[in-house]
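Hi,

Here is the structure I promised to pass along.

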Amino acid sequence: MVERLKDVIRGVKSIPTVSTFSNDGKITPAEFIRAGDQLIFKCPAWRWDGGQEGRRVAYLPAEKQCLVTRGVPCRKRASEVTRDRTETLLEQGEQDEEGWLATDFDESAPPAPAPEATSTATTEEPAPAQDDDSDDDLPDFGFGDDDDDDEAALQTAGDDCRTYDASITYDILYQSARLWLVGYDASGAPLSREAMFEDFTEEHARKTVTFETHPHLGTPYASIHPCKHANVMKVMIDRVHVGGRAIQPDDYFFMFLKFMSSVIPTIEYANTIEME
């Protein structure tokens, strides 16, 4: 009932046009599109999708309703990733000044680092490249670029290696991006809800993760509820600024995927990012 009411509000809410990204971490539809173009330019594993015609929204271009990437590896379950990370960080002791031990991202703890392996997802042609000065201007959000051992890693994972299709939509109610996921086992069969919960951190599995119909693709997906996304993005923006770096709305998705990797550390979003 609550979600239906929110859908009604989304239908009548005015379209934001003035940027408040630096002030509150929110983005406009125009910024969502520019950031998506930048993500595809840097990371060709992602592409735009127009979705189903009857599910398109007028404030986004018909051919750019959502971002999608397919076949993202998920080699371990959440309990394994959390245990491995905790053991590593406990060994580091006080040398870890960034507090990476926290698996839940809040205003007092930075996001957990994403895995470093790379994806073998099949992709379509990326969107035309925008004029771009240099990757040196992009803050380092901890994404690796290591293609050489990917095939061997997937083979080693064996029957435990799952894959996920991921999609990112614009949520006008919260003026932020929203991540959607659907998983498959090693044989390509869709994962059950309970199986997918094994890949989400315990803190989020049955709280911020819900199963809903994708607003543009029309099929069931797991989704990370966006009610706190802008707050977390604002914290990340401020931390980058404190470090002496400026961040623009065009860089939104590099931060967003870093944030999502703290919620679902098993799904290797960083693998879709190919920084030169």
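A quick definition to start: I call it a salt bridge when a side-chain nitrogen of Lys or Arg lies within 4 Å of a carboxyl oxygen of Asp or Glu. Keep in mind that this is a predicted model. By that criterion, the structure holds 11 salt bridges.

One of them pairs Arg70 with Asp165, with 3.4 Å between the closest N and O atoms. This pair links distant parts of the chain, since Arg70 sits in strand S2 (residues 66–74) and Asp165 in strand S3 (residues 162–171), 95 residues apart. Arg70 is partly exposed at 32% relative accessible area, whereas Asp165 counts as buried at 10%.

Strand S3 also holds Arg162, which is the partner of Asp199, a residue in the loop between helix H6 (193–197) and helix H7 (202–205). Here the closest N and O atoms are 2.9 Å apart, and 37 residues separate the two in the chain. Asp199 has 0% relative accessibility, so it counts as buried, and Arg162 is buried too, at 10%. Both belong to a network of salt bridges that also takes in Arg77 and Glu198.

Then there is Arg34 with Asp250, whose closest N and O atoms are 3.6 Å apart. Arg34 is in helix H3 (residues 29–42), while Asp250 is in the loop between helix H8 (229–242) and helix H9 (252–263), 216 residues away. Arg34 is partly exposed at 37%, and Asp250 is partly exposed at 26%.

Cheers

Terms used. Residues numbered from 1 in each chain as written. Predicted model: local features only at pLDDT ≥ 70, side-chain atom pairs only at ≥ 80, totals over all residues. Heavy atoms only, no water. Helix = DSSP H or I, 4+ residues; strand = E, 2+ residues; numbered from the N terminus. Buried < 20%, exposed > 50% of the residue type's maximum accessible area, 1.4 Å probe, protein only.
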